[in-house]
Amino acid sequence: MATDFLLPDLGEGLTDAEIVRWLVKAGDEVTLNQVICEVETAKALVELPSPIVGVVSSLRVAEGETVMVGSPIISFGTSSSEEDETATEPLVDSEPEEDGRSNMLVGYGPGESDQRSGHRRRRSAPAAPAPATAPVQSAAPAPVQSAAPAPVQSAAPAPVQPPAPVHSAAPIRVLAKPPVRDLARRLGLDLATVVGTGSNGAVIRSDVESAVGSPVSPPVAITADETRVAISGVRKRTAAAMVSSAFTAPHVTEFVTVDVTPTVELVERLRAHRAFEGARVTPLVVIAKALVIATVRHPELNTRWDEAAQEVVTYRAINLGIAVATARGLMVPNIRDVNSLTLRELADALSGLASRARDGKTAVAELTGGTISITNIGSFGIDSGTPIINPGEAAILCTGAIRRQPWDFQGQIALRSVMTLSVSFDHRLVDGAEGSAFLAEIGRILADPLELIALG
């Protein structure tokens, strides 16, 4: 009897995922919680473990295809000619738990604690001894099913089964993060041939690039007149979200140019201060703190539009999203409850957030629940822009490059550090006066960072 494994609910409102790479094939024996494939959602690249023990009958979805949650992606069969109905049975209940929670991607398969505590398994028939040829599910002893002897199946003595053939162990999987595996797959590189220099011998991106000699771009299709790159994963879903936002929320963008010389001087002093030893302090840290202060004073910017209920929803916490350009496309991970952080804690949070995003280690939770965002195009030498608001948010602040240029300072022309700030906001949620006051306050704090102490 074949058993289908359905794409599980990946959480946070995600409804589909793309199959990036299969790690098993038809005929392979799969053990409990063995990683069977890598899937990419709108949020992250995730390894998908199997809650089913059995033999792969067929892969129902090809690599590169996008499937909806609840759709079958792989089928399992039995490992012998005599079907063992328990061999391919999911080892978790398919019904929601009593507290109403449904089985999610993380933790939907039983862990050791579940097995030790006698986690209930769904059975279609009373438990019976497994056939001799059934695959070994675990090296740990099987839990005792019953103290009573098994029911007699037949008056005739059962034929003696020969010892089960010893199956060779599954290939040892090289330690590597999903983005590194994806890169190796695109390059046609066998990770088993790469010497890992990461923690515990894990293969990291630089190891893969060293093995092939140089970084390689995504796969492309080339014709005589054009080059095509398939749009998928994060880039595909980011595009859809931006189109939806641009044509749903009425955008308004305002600009202000500010003398931020005092902020630049403050950053230099913070870098030398013992309280910030080891921290990566940049103007973005002060800008983020200024945005938080301005948002607290102008809560209209920390809202969302509920179309179904026709209500304006105000967030209690400020979850600050930071746009980060990565090899897989634009990502906007966020820092939760940012208004509770000190300036040092904010510096560490920003540094860690960007580093994890670029290394492909961003957690799904960090990519959801943002309430207001910053995009720093100044890091690319750009002066200003009109950013698109992230869906579910009311505003996004855009920071331009800091340039030394002549400026009116105390009645005289002096060479100062100047930058342009812009903010795009949803005009359904934020009036022009509110948006203007919000942007002006950020500019005022950056022109005089003493406001960080007075208002922070």
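Mentor: We will go through a sheet, some salt bridges, a ring contact and a helix.

Trainee: What sort of model is this, and how are residues numbered?

Mentor: It is a predicted model, in which local features need pLDDT of at least 70 and side-chain atom pairs count only at pLDDT 80 or more, while totals for chains, interfaces and linings use all residues. Residues are numbered from 1 along each chain as its sequence is written, and side-chain values use heavy atoms, with hydrogens and water left out.

Trainee: Sheet, then. Which strands form the open sheet, and in what order?

Mentor: Four strands, in the order 5-4-2-7, with antiparallel pairing. Helices (H or I, at least four residues) and strands (E, at least two) are DSSP runs, numbered from the N terminus. Two strands pair if DSSP finds at least two bridges between them.

Trainee: Which are the edge strands?

Mentor: Strand 5 and strand 7 (66–68), each of which pairs on one side only. From one strand to the next the twist averages 40 degrees. For such angles, axes are lines fitted to C-alpha atoms, for helices over the stretch in contact, and angles run from 0 to 180 degrees between N-to-C directions.

Trainee: How many bridges join strand 2 to strand 7?

Mentor: Three, and the two strands run antiparallel. Asp-16 stands opposite Met-68 in strand 7.

Trainee: And where is Val-46?

Mentor: In strand 5, which covers residues 45–49. Val-46 is buried, at a relative accessible area of 15%. Buried means under 20% relative accessible area, exposed over 50%, and partly exposed in between (1.4 Å probe, protein chains only). Val-46 is 317 residues from Ala-363 in sequence, but their C-alpha atoms are 9.5 Å apart in space.

Trainee: New topic. How many salt bridges does the count come to?

Mentor: Ten. A salt bridge here is a side-chain nitrogen of Lys or Arg within 4 Å of a carboxyl oxygen of Asp or Glu. One of them joins Glu-38 and Arg-21, with the closest N and O atoms 3.2 Å apart. Glu-38 is in strand 4 (residues 35–40) and Arg-21 in strand 2 (residues 16–22), so the pair ties together parts 17 residues apart in sequence.

Trainee: Is Glu-38 buried or exposed?

Mentor: Buried, at 0% relative accessibility. Arg-21 is also buried, at 15%.

Trainee: Which residue does Arg-403 meet in a salt bridge?

Mentor: Asp-383, at 2.5 Å from N to O. Arg-403 is in strand 20 (residues 403–409) and Asp-383 in the loop between strand 18 and strand 19 (395–399), 20 residues apart. Arg-403 is partly exposed at 35% relative accessible area, and Asp-383 is partly exposed at 38%.

Trainee: What lies over the face of Phe-409?

Mentor: Arg-416, at 3.7 Å from the ring centre. A charge sits over a ring if NZ of Lys or CZ of Arg is within 6 Å of the ring centre and within 35 degrees of the ring normal.

Trainee: Last one: how many residues has helix 6?

Mentor: Helix 6 (residues 283–297) has 15 residues and reaches 21 Å from its first C-alpha to its last, close to the 21 Å expected. The expected span is 1.5 Å times one less than the number of residues.

Trainee: Why is helix 6 called largely enclosed?

Mentor: Because twelve of its 15 residues are buried. Among them are Leu-284, Lys-289 and Thr-295.
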